[in-house]
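Thank you all for coming; I would like to take a few minutes to walk through one model, beginning with a convention that the rest of the talk relies on.

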Protein chains: 2
Amino acid sequence: MTSQPRLLTVGTGAVGAIYSWRLSKSCNVSAVCRSNYEIVKKDGFDIESAKFGKDVFRPDQVARTVSECVTSEPFDYILVTLKALPECYNVADIIAPAVTKDTTIVLIQNGLGVEEPITERFPDNPIVSIVAYIGTSQTEPGKIKMVGKESLVVGKYLGAKRDSEKQRAEFIELLKKGDCDVQVVEDVEKVRWQKLFWNAAFSPVCAMTGMNTTELLANEEAMKAVKNVMGEVIDAAIANGYEFDHDEQMHAMISRTEATATNYKPSMQLDKERNSPMEIEVILGTPLRRAKAKGLSVPNLELIHSLCSATNAMIMHQQSKKSQL
Amino acid sequence: MTSQPRLLTVGTGAVGAIYSWRLSKSCNVSAVCRSNYEIVKKDGFDIESAKFGKDVFRPDQVARTVSECVTSEPFDYILVTLKALPECYNVADIIAPAVTKDTTIVLIQNGLGVEEPITERFPDNPIVSIVAYIGTSQTEPGKIKMVGKESLVVGKYLGAKRDSEKQRAEFIELLKKGDCDVQVVEDVEKVRWQKLFWNAAFSPVCAMTGMNTTELLANEEAMKAVKNVMGEVIDAAIANGYEFDHDEQMHAMISRTEATATNYKPSMQLDKERNSPMEIEVILGTPLRRAKAKGLSVPNLELIHSLCSATNAMIMHQQSKKSQL
C-alpha cells in the first residue's frame, strides 16, 4: 500500500479550504493560513456547503508560512489558492521553499497570466492550471460558507515549458475522489479569457459605482460602461487567436447575469469595500497588455484599468499607513 | 435719489453667500436658503475671507423658497448660485415665480450648458453668464470660509435670444462696488470650455479613485486617465469651433496643478464623499454630447461619464431611501 500524496495548500481562504477539504479524502494536506491561522490551528475549518454538506475540516498540518511546512518529505502537489496580486507579491517567491524537482504546481486562481511567474521560475516543474466556478466565502476566520454548485475547468496550459498531461490526469482523479465537478478542455487559457469577459467588465463597474449586479443591470449608463469594456476584452481574445463570436459572447454574458443576478457583489467590489487590494493586474492588466501587443485600440479597457490601478494604490497606501501604526 | 437695485440670490451656499455679501454694498439682497435657513435667518452669515475680511452678513430678507420672496416689488436681478444639477431639477422652474419681464438672470454656476434651460424658458429676459474662480466653502451651516483670491469672468453668452450688453455692464459695476475682481471676455462659453479641461478630467478621476490632486499627480496610472479624458475634452472644444492649442492647454492645466496642488479635493470628490449628487451632466454630459454632435469619437469621456452617472444614481438612490425613513 502506497502512502497518500502530500499536498500543500498556499492561501487557505474560502476557495482553498473547500478544495483542500475535498482533496483531504485522498491526500495528506498541509495548509498555510494567515489571518485565520490561530482559529484553524485550534479548531479547523467550520464548513457549511449545500453541495458537500457540513463538516469540520482539520488539515493534517497548519502553518503560518511555507517554510514552516518544509520537512524531509517533499510535497507531491502545491495548490495555490492565493489571491492573484502580482502588484503586491510574486507567488513563485512564496512557494519556492517547498518546490522540489518533482512537485506539481496547481493553480486555482482568477484571471489571465497567473501561470507566467510560475513557469518562468520553475520551468521544469509540471503545472496544472484550473479555473474555478464556485460561490464560497469566509464569513469569519475559519468559517466557510459555500452556496450552490461548483465546477472546475482543467486544460493544458500551452505556455508551459514541459508537458504535464500525466500530472493533470492524476490530479483530476484526486479531485473526483472528493466529489468535485471537473470539466476537461483542450486549452485552459481560452476558459480564462471567457471568464474575463464577465469579470473584466461587470466587476470593475460594480467596484467603481458601488452598484451590485442587480442595480447595475437596471442602470443604462452602467450597462453602457459594461458593454464598452466587455466588447474590447472579447476583441482582445479574438486578436490573440481565440475563436469567439463577439456578439454571441456579449449576449450570453449579459443574459446569464440577468437570469441569475440577485444583488451579487463581485469579489473586486467586496475587496474595495473592505479596503483590500483588488485583483486588477490579472483581470484588467493582462488583457490590456495582450490587446496592445496585437495593435488593438482599447480605450475603455485602458481607462478602467487606470482608474482601478489608482484606486488600488490608494487602498495599499491606506494599508501601509495602518500597518505602521 | 433712486432706490437700490433688488437682488434675489437662489442657492445661497458658499459661493452665493460671498457674492451676495459683496453685492449687498449696493443692492437690496433677498437670499433663498435651504439647509442653512434657520441659522442664517437668525444670525446671518458668519464670513471669514483673507481677501474681503471678516464680517457677519445679514441679507435684507431670508426665505426658504423663491415664492416666499415674491412681493409687488419686482427683482432687478436673480443671481443663481445653485449647484448645477439638471439631472435633479430644472433651475428655470425654481426661479420662475420671481421672474418678471425686466428681471436680469445672472448665473454663477459651474459647467457647460447651464444657460440653456434659462434661455429656453425665458428667451426675452437678459442673461448674464459668469464663471467664478473662487475657493470658498460652508464649513458648517451659515459659516463661510474663503481662501485666496477670487476672480469672475463675464462675457457674452452667444446662445442667448436677446442682447444683454447693458445689463452685463451694470452688473459688472455692482460687482466692482463690492471689490470683486471682474474680467471681461468676448465669449463666456470659451471660458466655460477651458475651465472644463481641468474639471472634466481631474475632478472625476479624484472622485472615482479617492485621490486628492497631490496623490493623483504622483500616480502614473491616474495621470494617464486624466490625460486621456482631458485630451478628448480639448478636442471636443476645438471641434466646436474654439481656438485652442491641444498640447499647450494640456500642459498648462497639468503644470498649473503641479505648481499649486496641495492635497486639494475637487467639489465632485467632496460631493461623493458626502454622498451628495455630483455635477456630472454640466461637467461631463454636455461636452460628451457636443463632441458626439461633431462626430468625434470620445471613448474616455464616454466611459468616465457613464461611471459617474451610475455613481450619481447610487447616491440619489441612497438619498431617497434616507428621506423615506
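A crossing of two helices is called right-handed if the near helix is turned clockwise from the far one by less than a right angle, and left-handed if anticlockwise. What we have is a predicted model, in which local features need pLDDT of at least 70 and side-chain atom pairs count only at pLDDT 80 or more, while totals for chains, interfaces and linings use all residues. Residues are numbered from 1 along each chain as its sequence is written, chains are lettered from A and ligands numbered from 1 in the order in which they are written, and side-chain values use heavy atoms, with hydrogens and water left out.

Helices (H or I, at least four residues) and strands (E, at least two) are DSSP runs, numbered from the N terminus.

Now to the helix packing, where axes are lines fitted to C-alpha atoms, for helices over the stretch in contact, and angles run from 0 to 180 degrees between N-to-C directions. The axes of α7 (residues 188-199) and α10 (residues 220-239) of chain A come within 9 Å and cross at roughly 170°, which means that α7(A) is roughly antiparallel to α10(A), a label used for angles over 145 degrees. The crossing of α7(A) past α10(A) is right-handed. Taking contact as heavy atoms within 4.5 Å, A:W193, A:L196 and A:F197 of α7(A) meet residues of α10(A) including A:M230 and A:V233.

Which residues does A:M230 contact, once neighbours within four places in sequence are left aside? They are A:F197, A:A201, A:F202, A:M250, A:M253 and A:I254.

Finally, A:S164 sits in the loop between β9 (143-156) and α6 (165-177) of chain A. A:S164 counts as buried because its relative accessibility is 3%, the cut-off being under 20% relative accessible area, with exposed over 50% and partly exposed in between (1.4 Å probe, protein chains only).

Key: Parallel < 35°, antiparallel > 145°, perpendicular 65-115°, else oblique.
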